[in-house]
Structures are given as C-alpha cells and as structure tokens.
Amino acid sequence: MEYTSGAASWQKALRRAAAGLLPRRARQRRPGWSIGVPLIAAAAGLLFTTTATTAGGTSLREDRRPQLTQLIEDRREQVAASEAKAARLRDEVEEQTEALAGTDGPVKTQRDRAAAIRQAAGFTALTGTGITIELNDADWGAGQPLPKGASNDDLVVHQGDVQAVVNALWAGGAEAMSIMNVRVLSTSAVRCVGNTLLLHGRVYSPPFKIVAIGDPAEFQRALAASEGVRVFKEVADHYQLGYTEQVSTVTVPAFEDSTALQSATVPR
C-alpha cells in the first residue's frame, strides 16, 4: 500500500473544494435550426392540409375558362327559353283580347286605338329605302406590331362611336332603326362591354351593323354634320378600322323586347 504525505493530500482536497465553488460554465445553447425545423414542418403540414381541403379533390391550377364558357352558353339558352315563353304568352293575350273585342265595345275601341299607333311605336316591321352602316374593329394580327403611338384601345369600336352614328341617323329623320337586326326605340340604351355591344340584355360582337329607314340624302348630311362620326372616320382611316355606308332597300324588324317603363314624366 502506498501512502502520500499529509501536505499533498491537503493540497488535493483544497483544489477539489475550490473547483466546486467556482461557477460552472453555462450550458451550450441549442442552435436556431433545431427549433426552426419543427416550426417549418408544422407550417408546411398546415398549408398542405388547407390546400387539400380547398381543392376538394380537384386541381387548383385547372383552367376554368371552358366552365365559364359553358356557364355563359347555359344562361343564353335559359334567356332564349324565357323569351320564347314570353312570346307565347303575348300571343295568347293577343288572341284572347281579339276574341273579347268582338263582343265588348270598349275593348274594341281601345284595341283599334292601339293598332293605329302600333307602327309609330315600333311594334311592326317596316321595309323601305334606307341606309346600312357597319362599324368594325381594326384587323391587326396577334403578332403584328401596333401603329406608332397607338394602344389596343384605339383599334376597337367604342360605345360612343355607335351612339354617334345612331344619334346622327335619328337627327336625319329615321323612321325606324335596328342595330344587329334588333329594333331600337328612343328608350333603347346602347352600351359597350370591352369590344362587345350590350343591347336589350344581349351581347353582340363586331362588326356592328346599323340599319335605318328614311331619306338617304338626309342621312348622309346628318352623318357629315356629326362631330362624333367625323372623328371616328378619321381614326378609322388612320388605324384601319372598318366604316362602310350602303344605300338600298332595307327591312327593320318589329320591336320585341319589354315595353315596361321604369319611370315616366308627363309633359306640360
């Protein structure tokens, strides 16, 4: 057995005691990625779950344009069916009114009074000498560069262009008028949505055809005097938009839309 001196033993004991009293080194911190990775994984899982719930078994990136086209076509068919039903109901009312007029004097009087102003109101088709005006967008291909200083907006027909022609024809004494083979009255509103025309709830694409019955010479003078028509002709020449006038025998159909008025004022 080996013995050590008392001094050496006391020195070792003191060193151990001093080491115990000294503050211990701080525990090494965990790196940031060890905390960030679980958080990122949890966020990714939440994102995947939300996407799957929203998709509902379909593709979120799927092109919905065919569905929109089908929806528009379905709505057009519904409108056409409703218009056909309304036409049948009008015919039934007309037949019953005619039958009642044979035995009821006051009904016959009012019916004859309405028939006298039916043509002036636009409820009968008319045929006569007139003018046909056609407005069309510029024919610029997809890859063809635009004219210098022009934008796509300069190459299409706008509501103001159609309205300028319509107003000029009314000013020229038009007896009857149609746009896209639809009879228009003084209460008809012409609106454009993009490069399409909205008339009586229906959408039409260019070229826009306007037909009016009346004196062609008066029409041409009124068109020449219209500032809006003159500006459109200048733009048409510069950007190659379409504008044509043709005098011939034309037919304007009867007005077939709703005759209900939202408001009216009695003249004094």
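Q: Why is Thr132 called buried in this model?
A: The model is a predicted one. Thr132 has a relative accessible area of 16%. Buried means under 20%. The value falls under that limit, so Thr132 counts as buried.

Q: Which element holds Thr132, and what does Thr132 touch?
A: Thr132 sits in strand 1 (residues 126-136). Leaving out residues up to four places away in sequence, its contacts are Lys209, Ile210, Val211, Thr244, Glu245, Gln246 and Val250. Each of these has heavy atoms within 4.5 Å of Thr132.

Q: What makes Lys233 and Glu245 a salt bridge?
A: Their closest N and O atoms are 3.5 Å apart. The cut-off is 4 Å. The pair is within the cut-off, so it counts as a salt bridge. Lys233 belongs to helix 8 (residues 227-239) and Glu245 to strand 8 (residues 242-252), so the bridge ties together parts 12 residues apart in sequence.

Q: Why are Lys233 and Glu245 called partly exposed?
A: Lys233 has 31% relative accessibility. Glu245 has a relative accessible area of 32%.

Q: What joins Glu227, Arg230 and Glu234 into one network?
A: Salt bridges that share partners join them.

Q: How do you know that Arg202 and Glu83 form a salt bridge?
A: The closest N and O atoms of Arg202 and Glu83 are 2.6 Å apart. That is within 4 Å, so the pair qualifies. Arg202 lies in strand 6 (residues 202-204) and Glu83 in helix 3, so this bridge ties together parts 119 residues apart in sequence.

Q: Are Arg202 and Glu83 buried, exposed or partly exposed?
A: Arg202 stands at 28% relative accessibility, and Glu83 at 32%.

Q: What makes Glu218 and Arg221 a salt bridge?
A: Here the closest N and O atoms are 2.5 Å apart. The limit is 4 Å, so the pair passes. Both residues are in helix 7 (residues 216-225), 3 residues apart, which puts about one helical turn between them. Glu218 has a relative accessible area of 34% and is partly exposed.

Q: How many salt bridges does a search of the whole structure find?
A: The search finds 5.

Q: What makes up the lining of the largest pocket?
A: The lining has 29 residues. Arg90, Arg118, Phe123, Phe255 and Glu256 lie nearest the centre of the pocket. Two or more lining residues come from each of helix 3 (65-101), helix 4 (105-116), helix 5 (118-121) and strand 3 (182-183). Helix 3 gives the largest share, 8 residues. The space in this pocket is about 920 Å³.

Q: How is the lining of the largest pocket split by class and by domain?
A: By class, 13 lining residues are nonpolar, 6 polar and 10 charged. Domain 1 (65-117) and domain 2 (124-140 + 150-252) each supply at least three residues.

Q: What share of the chain counts as buried, and how many helices and strands are there?
A: Of the 268 residues, 23% count as buried. The chain has 8 helices and 8 strands.

Q: What share of the contacts with a separation of 6 or more joins residues 24 or more positions apart?
A: Such residues account for 72% of those contacts.

Definitions and conventions
Residues numbered from 1 in each chain as written. Predicted model: local features only at pLDDT ≥ 70, side-chain atom pairs only at ≥ 80, totals over all residues. Heavy atoms only, no water. 1 Å grid on protein atoms, 1.4 Å probe; cavity = no way out; pocket = protein on both sides within 12 Å on 5 of 7 lines; lining within 4 Å. Points joined across faces, edges and corners; volume = space filled by probe spheres on them. Helix = DSSP H or I, 4+ residues; strand = E, 2+ residues; numbered from the N terminus. Nonpolar A, V, L, I, M, F, W, Y, C, P; charged D, E, K, R; others polar. Domains from an automatic or database assignment. Salt bridge = Lys/Arg side-chain N within 4 Å of Asp/Glu carboxyl O. Buried < 20%, exposed > 50% of the residue type's maximum accessible area, 1.4 Å probe, protein only.
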